[in-house]
Amino acid sequence: LAEALYFEARGESLAGMVAVAEVVLNRVDDDGYPDSVCGVVRQGANAGLHRCQFSYYCDGRPETIGEPDSWERVGRVARKMLDGAPRRLTLGATHYHADHVSPRWSRRLERTASIGEHLFYRRPDAIASR
């Protein structure tokens with residue numbers, strides 16, 4: 001989870017990092033996704049370049065931690081979220097994207113939040129949990 005937060009949200013506010021963590025953990029809890037954090041983050045990696053659910057994981061670049069302070073910060077956020085911190089920011093979101101893009105899939109989902117540079121979504125029939 002810390003790795004995903006580092007590469008997907010290290011430049012975000014605390015709320016932005018927590019929101020991305022919520023999406024990962026909401027997917028773990030959703031029967032439509034793998035049942036582990038690593039499984040969720042790596043989903044699609046075997047399909048090839050740029051086929052992952054979390055783009056950093058299969059963008060062709062190595063996952064190099066170059067900002068130790070950011071790594072410590074996301075590590076603290078990841079630990080709190082894995083320890084059961086409440087998930088209230090995204091209202092059950094299982095998807096997000098940067099606010100400067102408009103993926104086709106977003107039109108089929110319900111937007112639940114806009115936090116930092118990310119927009120968050122869930123299936124229209126989903127119930128916000130936790």
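Modeller: Read along the sequence, the chain follows the pattern α-α-α-α-β-β-β, that is, four helices and three strands; helices (H or I, at least four residues) and strands (E, at least two) are DSSP runs, numbered from the N terminus. This is a predicted model, in which local features need pLDDT of at least 70, side-chain atom pairs count only at pLDDT 80 or more, and totals for chains, interfaces and linings use all residues. Residues are numbered from 1 along each chain as its sequence is written, and side-chain values use heavy atoms, with hydrogens and water left out.

The part I would select is helix H2, residues 14-29. Its 16 residues should span 22 Å at 1.5 Å a residue, and the end C-alpha atoms are 22 Å apart, which agrees; the expected span is 1.5 Å times one less than the number of residues. H2 is mostly covered, with 13 of its 16 residues buried, where buried means under 20% relative accessible area (1.4 Å probe, protein chains only).

The C-alpha trace spans about 40 × 35 × 30 Å along its principal axes. Among contacts in the chain with a separation of 6 or more, 56% come from residues 24 or more positions apart; contact means heavy atoms within 4.5 Å.

Key. Buried means under 20% relative accessible area, exposed over 50%, partly exposed in between (1.4 Å probe, protein chains only).
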